[in-house]
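Here is a short report on one structure.

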Amino acid sequence: MLPQEIRENIQRLIEAAERPREQVINVFYILQKHYGYFSDEAVREAAALLKMTPLEVEEMATFYDFLYREPVGKFVIQVCDGVVCWMFHENSIFDYLCQKLQVCAGQTTADGLFTVLPTACIGFCDRAPAMLINGVFYGPLTPAKVDEIIAQLRSEHCDLVICK
Ligand code: FES
């Protein structure tokens, strides 16, 4: 159930737009942030708020790489799958990450920390190969740099939850 405060914020956003559909992606992101991913409940809420059918919402939601229709980990790693990134490394950073974290594309690690997803060009071709983690850019990458980044994120997470 969507809290009233969030519902009202979304309604204000929609009312301020010339056409409600201008706010589609913003509304989707607000709902995704609340539910942790763009859940079935989020689809129904979005449809009701934007006066769209659930099918229309579903069609849009599955078009965007940054909307997650399944639960994701604390850190969502989006590895660029674009042509330039492929040209700048011999071994796939994506495959390396999957192997290191023992997941397949789209899966989340058993500890719930990392989800690995391929994505289209993220606009940092001059620093290929590249990836985003929760929207933060990393590149140019090598397997050693990936190791460092993952270790750093694990350590920050551990500090936050006081792992011993
Ligand atoms: S192709 Fe990877 S950032 Fe553009």
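## Domains

The C-alpha centres of domain 1 and domain 2 lie 29 Å apart. The model is predicted. According to the domain assignment, domain 1 covers residues 4-61. Domain 2 covers 75-161.

## The α1/α2 helix pair

Two packed helices are described by the angle between their axes and the distance between the axes. Helix α1 spans residues 4-16, and helix α2 spans residues 24-35. Their axes come within 10 Å. They cross at roughly 170°. Angles over 145 degrees count as roughly antiparallel, so α1 is roughly antiparallel to α2.

From α1, the contact is made by Ile6, Ile10 and Leu13. From α2, Asn26, Val27, Ile30 and His34 take part. By class, the residues of this contact are 5 nonpolar and 2 polar. None is charged.

## Ile10

Ile10 sits in helix α1. Is Ile10 buried or exposed? It has 21 other C-beta atoms within 10 Å. The cut-off for a buried residue is 20 or more, so Ile10 is buried.

Which residues does Ile10 touch, leaving aside those up to four places away in sequence? They are Val27, Ile30 and Leu49. Val27 and Ile30 also belong to the α2 side of the helix contact. Ile10 and Ile30 are 20 residues apart along the chain. Their C-alpha atoms are separated by 7.9 Å.

## The sheet

The sheet is open and has 4 strands. Their order is β2-β1-β3-β4, and the pairing is mixed. Strands β2 (114-119) and β4 (136-138) stand at the edges. Each has a single partner strand, so one side of each is left without a neighbour in the sheet. From one strand to the next, the twist averages 25°.

How do β3 and β4 run, and how many bridges join them? The two strands are antiparallel, and 3 bridges join them. Strand β3 covers residues 131-133. Ile133 has Val136 of β4 as its bridge partner.

Helix α6, residues 93-101, packs on this sheet. It touches β1 (75-80), β2 and β3. The direction of α6 makes about 165° with that of β2.

Notes
Residues numbered from 1 in each chain as written. Predicted model: local features only at pLDDT ≥ 70, side-chain atom pairs only at ≥ 80, totals over all residues. Pairing = 2+ DSSP bridges. Axes fitted to C-alpha atoms, helices over the stretch in contact; angles between N-to-C directions. Contact = placed C-beta atoms within 7 Å. Parallel < 35°, antiparallel > 145°, perpendicular 65-115°, else oblique. Nonpolar A, V, L, I, M, F, W, Y, C, P; charged D, E, K, R; others polar. Buried ≥ 20, exposed ≤ 12 C-beta atoms within 10 Å, placed from the backbone. Domains from an automatic or database assignment.
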